[in-house]
Amino acid sequence: MNAESLDPGSDRNATLRLVDWFDLERVQNAHVLVVGAGALGNEVLKNLALFGVGHIYIFDRDRVELANLSRSVLFRADDNGQPKAEVAARAIKKLNPNIEVHYRLGDIRFSLGEGLIRRMDVVIGCLDSMGARYTLNRLCYRVGVPWVDGGIASLHGQVQVFLPPDGACYECGFSEKHYEEAGIRANCAPIAVREIELGRVPTTATIASLIAAVQVQEALKLLDFGRWADRSLGGKVFRYHGDQVATDRMELAPNPSCPAHDPFDLRTMVTLPGISYRDSARALLEAVGPYFDGEAVLYFEDEIVVTGKCECGETLDVRQSLRRLRADPPQCGACQKALLWESALQMTRYSSPILHPGVLDRSLRELGIGPLGIVLACAVNQEMYFELGADWPGCVSPFDVGQEPAELR
Ligand SMILES: [Zn+2]
Ligand SMILES: [Zn+2]
């Protein structure tokens, strides 16, 4: 460090260099994904940019509305109608031109692949629903990337930190009722289990800035975990009660039978540069063929609905992931009714020329795989993971390039 670099008149990081626990170089090299660019996400992104986190990725599905302006530091009235992820990217790039910012407009259920998560040092969740948190938690646990969850109401907020593969994860505390509320499982209900709207919880600028500050502080610790391991919020929840000006912190209980702790074995993973999530499952199966001695089979994390029998007796050819179906259930051609959960769905997790060959004609996207997703293929006594490498780096837009936002879904 030379004297010049400590000159507050010429070095934007002069003060940061004086913070004894802050490792500027480590932070400048860090890759951090922020999922959700609402009130909380705005504050998180602002803090990351001020600290100079070098590679920031922003993922969000919504567009700016005027009502967001009461608690979103990065949005302006002229941004009305623009994608939040893109507007936030532009705003933080202005705050700190030294950082690299990428964004993607999309729905977390369909548009975020394990391969993007795996490239991150830390993921910060600024989400407002259980279903979205469930999905992000699964993605992070599959590829072993720590994540920091924040949640806010108008006076109360909380932060939880999850450290895969160990400790409690977001799903460890789930009961059957939670799975239903998150829209993951449902019995005797329409197949379109749209997330139960618990009434939009109003949030404020003060609680957003307070909780986001704790999230970013914990994220910085994860970047330098050796120093902070025994003082991190890992496996714990921090809660702030604004009405009482009280806080508490609790250990989260791990659930030994929680299904989220099933990491992908990436040691032998192969990135396929020619395969995208827009390609057919058949193209993927052909590309993985040379890696196996025998006939390979694709395995899908998300169940595939092959057919469904409508109430009227008609059988529908579906061949789409259950997750996609729930968001947008197909209609019966004969009676025009939407497919129901009770509709005798024929489901599978496998596809090969022998097992459900019709599924191979569908795009990986229709089968529930996100861009830069990672898919398992197996043969007798052999299994291997494959990353859809053609989606990188195109699945995220660097902010500078002013291209159209990457499409929804
Ligand atoms: Zn768990
Ligand atoms: Zn029908």
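Colleague: In which strand does Cys 378 lie?
Modeller: The model under discussion is predicted. In it, the strand that spans residues 374-379 contains Cys 378, and that strand is β13.

Colleague: Is Cys 378 buried, partly exposed or exposed?
Modeller: A residue counts as buried if 20 or more other C-beta atoms lie within 10 Å of its own, and as exposed if 12 or fewer do. For Cys 378 there are 17 other C-beta atoms within 10 Å, so this residue is partly exposed.

Colleague: Which residues is Cys 378 in contact with, leaving aside its neighbours within four places in sequence?
Modeller: Contact requires C-beta atoms, placed from the backbone, to lie within 7 Å. With the neighbours within four places set aside, the partners of Cys 378 are Ala 296, Val 297, Tyr 299 and Glu 383.

Colleague: What distance separates the C-alpha atoms of Cys 378 and His 178?
Modeller: Along the chain, Cys 378 and His 178 are 200 residues apart.

Colleague: How far apart do the C-alpha centres of domain 1 and domain 2 lie?
Modeller: Domain 1 covers residues 3-261, and domain 2 covers 266-391. The distance between their C-alpha centres is 30 Å.

Colleague: Why is the chain described as being as compact as a globular protein of its length?
Modeller: The chain has 11 helices and 15 strands. The globule rule gives 22 Å for 409 residues, and the chain is as compact as a globular protein of that length because its radius of gyration is close to that value, at 22 Å.

Colleague: Which residues of strand β4 are buried on each face?
Modeller: In a regular strand the side chains alternate between the two faces of the sheet. Strand β4 comprises residues 122-125, and both of its faces are covered. The buried residues are Val 122 and Ile 124 on one side, and on the other Val 123 and Gly 125.

Colleague: What is the handedness of the crossover from β4 to β5?
Modeller: β4 pairs with strand β5 (residues 147-152) in the parallel sense over three bridges, and Gly 125 has Asp 149 as its bridge partner in β5. Between β4 and β5 the chain passes through helix α6 (residues 130-143), and this β-α-β crossover is right-handed.

Colleague: What span does helix α8 reach from its first C-alpha to its last?
Modeller: Helix α8 runs over residues 205-223 and has 19 residues. Among its buried residues are Ile 207, Ile 211 and Leu 222.

How values were computed:
Residues numbered from 1 in each chain as written. Chains lettered and ligands numbered in written order. Predicted model: local features only at pLDDT ≥ 70, side-chain atom pairs only at ≥ 80, totals over all residues. Domains from an automatic or database assignment. Helix = DSSP H or I, 4+ residues; strand = E, 2+ residues; numbered from the N terminus. Expected span 1.5 Å × (residues − 1). Contact = placed C-beta atoms within 7 Å. Rg over C-alpha atoms; globule rule 2.2 N^0.38 Å. Pairing = 2+ DSSP bridges. Right-handed = clockwise from strand over helix to strand, strands pointing away.
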